[in-house]
Amino acid sequence: MTDATDELPDGESLWRFSLAFYAHPGVSEALIGLQDRAGCDVNLMLFALWLGVSGRGRLTKEELAIATRIARPIGADIVEPLRELRRKLRSDPDADVQRLREGIKALELAAEKIVQNRLARIAGPAGRADLVQRAAAAHANLALYLGRKMTGSSEATTIGTALEVLLRG
């Protein structure tokens with residue numbers, strides 16, 4: 001898979017990959033399901049997948065620990081409280097509150113983009129691995145992040161299927 005995102009700065013490449021992958025059928029639900037059910041970090045899952053897809057290779061446990069330390073402060077202190085507030089306001093029928101909710105969503109996304117920019121800074125250069133190697137690395141990275149318990153989940157299967165479609169497309 002070689003595309004225009006290969007020529008972008010890493011942070012922008014990761015962000016564009018994330019937006020495109022998140023838009024695949026079933027992916028957003030699967031990622032959010034893992035987030036809500038298992039406490040997974042969507043940005044770390046997308047980072048792990050992007051590393052493989054972009055030819056940057058496989059994550060080690062040490063690299064994953066570093067990525068987690070990078071993502072945790074903004075995730076815990078900013079993204080999660082904003083998400084909680086946004087979700088709390090979801091059912092409020094007041095139009096003004098819904099406009100406010102949209103602003104909160106924009107702040108949440110801006111904070112997630114900061115997390116992804118920071119994660120991208122620790123990534124090595126994009127590689128020229130073939131599609132089979134890229135797919136294998138992306139799957140391995142996701143499995144490392146999810147651990148044995150969640151790797152076999154329906155959400156992980158949905159993500160894996162979408163990844164194969166993305167790589168073939």
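The model is a predicted one, in which local features need pLDDT of at least 70 and side-chain atom pairs count only at pLDDT 80 or more, while totals for chains, interfaces and linings use all residues. Residues are numbered from 1 along each chain as its sequence is written, and side-chain values use heavy atoms, with hydrogens and water left out.

Let us begin with helix H3, which has 12 residues and reaches 16 Å from its first C-alpha to its last, close to the 16 Å expected at 1.5 Å a residue. Helices here are DSSP runs (H or I, at least four residues), numbered from the N terminus, and the expected span is 1.5 Å times one less than the number of residues. In H3, 12 of the 12 residues are buried, so this helix is largely enclosed by the rest of the structure. Buried means under 20% relative accessible area, exposed means over 50%, and partly exposed is in between (1.4 Å probe, protein chains only). Among the buried residues of H3 are Asn43, Leu46, Phe47 and Trp50.

Serine 18 is in contact with Leu46 and Gln116, leaving aside its neighbours within four places in sequence; contact means heavy atoms within 4.5 Å. Because its relative accessibility is 4%, serine 18 counts as buried.

Helix H2 has 12 residues and a reach of 16 Å from first C-alpha to last, close to the 16 Å expected at 1.5 Å a residue. Its buried residues include Val27, Leu31 and Leu34. After H2 comes glycine 39, whose phi is positive, near 70 degrees.

Now for the pockets. On a 1 Å grid over the protein atoms alone, a pocket is an open set of points where a 1.4 Å probe fits, with protein on both sides within 12 Å along at least five of seven lines, and lining residues have an atom within 4 Å of a point. The largest pocket has a volume of about 420 Å³, a volume being the space filled by probe spheres set on the grid points, which are joined across faces, edges and corners. Of its 18 lining residues, Tyr22, Ile32, Glu108, Leu109 and Glu112 lie nearest the centre. Helices H1 (10–22), H2 (27–38), H3 (42–53), H4 (61–89) and H5 (95–121) are the elements that give two or more residues to this lining, and H5 gives the most, with five.

The second largest pocket has a volume of about 260 Å³. It is lined by 19 residues, and those closest to its centre are Gly39, Cys40, Asp41, Gly75 and Glu80. Here H4 gives the most, with eight residues.

Helix H4 also holds leucine 85. With 38% relative accessibility, leucine 85 counts as partly exposed. Its C-alpha is separated by 42 Å from that of arginine 128, which is 43 residues apart from it along the chain.

Our last stop is helix H7 (residues 154–168), where Glu155, Ala156, Ile159, Gly160, Ala162, Leu163, Leu166 and Leu167 are buried. They cover an arc of only 165 degrees around the axis, which puts them on the same side of H7; the arc is that of the directions from the helix axis to the C-beta atoms. On the other side of H7, Ser154 and Arg168 are exposed.
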